Protein chains: 2
Amino acid sequence: MIRLFHVPLSPFCRKVRLSLAEKRLEVELVEERYWEQDGDFLRRNPAGKVPVLKMNGMTMAESNAICEYVEEMHPEPPLLPATPEGRYETRRLVAWFDDKFHTEVTSKLLYERVNKKVMGLGTPNSSNVKAGAKAIKFHLDYMGWLLDQRRWLAGDQMTLADFTAAAHFSCLDYISDVDWNRSEQVKDWYAKIKSRPAFRSLLADHIPSFVPPPHYADLDF
Amino acid sequence: MIRLFHVPLSPFCRKVRLSLAEKRLEVELVEERYWEQDGDFLRRNPAGKVPVLKMNGMTMAESNAICEYVEEMHPEPPLLPATPEGRYETRRLVAWFDDKFHTEVTSKLLYERVNKKVMGLGTPNSSNVKAGAKAIKFHLDYMGWLLDQRRWLAGDQMTLADFTAAAHFSCLDYISDVDWNRSEQVKDWYAKIKSRPAFRSLLADHIPSFVPPPHYADLDF
């Protein structure tokens, strides 16, 4: 049995959930209040964060190391392209979203509005929220530019780059922080990815005291 | 010709330099004052940071995507182990150093003491420096614990995990911020990796107005 220690609105956990689901691997989800730094959890992962995946007798941390491992053990359907150039571009975009987008947008909007409240760390810092709301526009434009030339973010095939971006966007959409009218291309891309069976479990997530907007789980949003 | 746009005291650039050198790929180094956000440079890399590698007609960003590409195109000598479990552990540790260690230590010591001065951003924040000096002890202990059980950080073979860690430590050693007496195992590991031919170019780096300690380039430190 595969077991994933996670929190529902974590883009890193959602990326792993999407990868596992796309490969039709069944997983038991265990919610982990990792910020309480429970001793058992720290033994599982000295980095003290989620996701942590138990699979094939291993206890694994770091979402990218996990996704690469899952890809190697279960190559079908592939989430990395067949060429070195395609794999490079996929990994570049995974890093773009998990590093740059995460710092400039996710941490400024999601962490301020949701994580702070859940962890009891006070109210959102409004200048962070403002900076995040400004930065997401640049990213939507960049994605629109990529999707003008390609069917998916890294090329003509859906890859881990799309799941990585969709993991961030789905968390932000849960709190109504994405302006889907800014880019037709990005809206179409998100509608396509949202309608995949792998996305179902994410759309069913409900976080106490945070009600998603009606369009969150709507495939024809 | 391979060309790397870099800054000398960047752990991410040093990781790429070590990988290329270990695989005996000749590279032309071009120093890039990326924080000045020169238009030409931003066209090469919209993320606006280094390293940027020009190779095989591609212009590549993101150090991990670059290192995975170099590994795929030039598999000998291997910097990723032969087993999926070994590759997982290597990638986990690469992320450990480039993410956790970078946030807790490198950004608190190197960026405060060197980058701020070079970029004209003022003087070091002493509470950051103090936090970094405290956190590096925890990391040295964790590495000592790993190296008690293994020849190299990810197992019995030298991997990209060792180069990633050594890239961070060599930058910190340049500014005398590593207490090599804390762990015999870590000191021995660093002496081993420092004596590899791939390390030579790093030990020859000199940054104006920052003089490294005499032991920096000494193989019997």
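Colleague: Where does UniProt place the feature "domain: GST C-terminal" in chain A?

Modeller: A record gives a range, and the model then shows what the chain does there. The UniProt entry, which is unreviewed, puts "domain: GST C-terminal" at residues 83-215 of chain A. Keep in mind that this is a predicted model.

Colleague: What is the helix and strand content over residues 83-215?

Modeller: Residues 83-215 of chain A are 67% helix and 0% strand. The end C-alpha atoms of that stretch lie 37 Å apart.

Colleague: Which residues does the annotation "domain: GST N-terminal" cover?

Modeller: That annotation, also from an unreviewed UniProt entry, covers residues 1-78 of chain A. Over residues 1-78 the chain is 37% helix and 23% strand. Here the end C-alpha atoms are 22 Å apart.

Colleague: How many helices and strands does chain A have?

Modeller: Eight helices and four strands. Now read them in order. Along the sequence, chain A runs β-α-β-α-β-β-α-α-α-α-α-α.

Colleague: What share of the residues of chain A count as buried?

Modeller: The cut-off is under 20% relative accessible area. Of the 221 residues of chain A, 57% count as buried. Then look at the surface. Chain A exposes about 9700 Å², and carbon and sulfur atoms supply 51% of that area.

Colleague: What share of the contacts links residues 24 or more positions apart?

Modeller: Count contacts with a separation of 6 or more. In chain A, residues 24 or more positions apart account for 69% of them.

Colleague: How far apart are the mean positions of the positive and negative charges?

Modeller: Chain A has 30 positive and 31 negative charges, and their mean positions are 3 Å apart.

Colleague: Let me try one residue. Is Ile207(A) buried or exposed?

Modeller: Locate the residue, then check its area. Ile207(A) sits in the segment after α8 (200-203). Its relative accessible area is 14%, so Ile207(A) is buried.

Colleague: Which residues does Ile207(A) touch, leaving out those up to four places away in sequence?

Modeller: Ile207(A) touches Pro8(A), Leu9(A) and Tyr174(A). For a distance across the chain, take Phe138(A). The C-alpha atoms of Ile207(A) and Phe138(A) are separated by 28 Å, and the two residues are 69 residues apart along the chain.

Conventions
Residues are numbered from 1 along each chain as its sequence is written. Chains are lettered from A and ligands numbered from 1 in the order in which they are written. This is a predicted model: local features need pLDDT of at least 70, side-chain atom pairs count only at pLDDT 80 or more; totals for chains, interfaces and linings use all residues. Side-chain values use heavy atoms; hydrogens and water are left out. Helices (H or I, at least four residues) and strands (E, at least two) are DSSP runs, numbered from the N terminus. Buried means under 20% relative accessible area, exposed over 50%, partly exposed in between (1.4 Å probe, protein chains only). Contact means heavy atoms within 4.5 Å. Accessible areas come from the Shrake-Rupley method with a 1.4 Å probe; for residues, only the protein chains shown count as cover. Lys and Arg count as positive and Asp and Glu as negative; His and the chain ends are not counted. The place of a charge is taken as NZ of Lys, CZ of Arg, CG of Asp or CD of Glu. UniProt positions are given in the numbering used here, feature names are shortened, and annotations may be inferred rather than shown by experiment.
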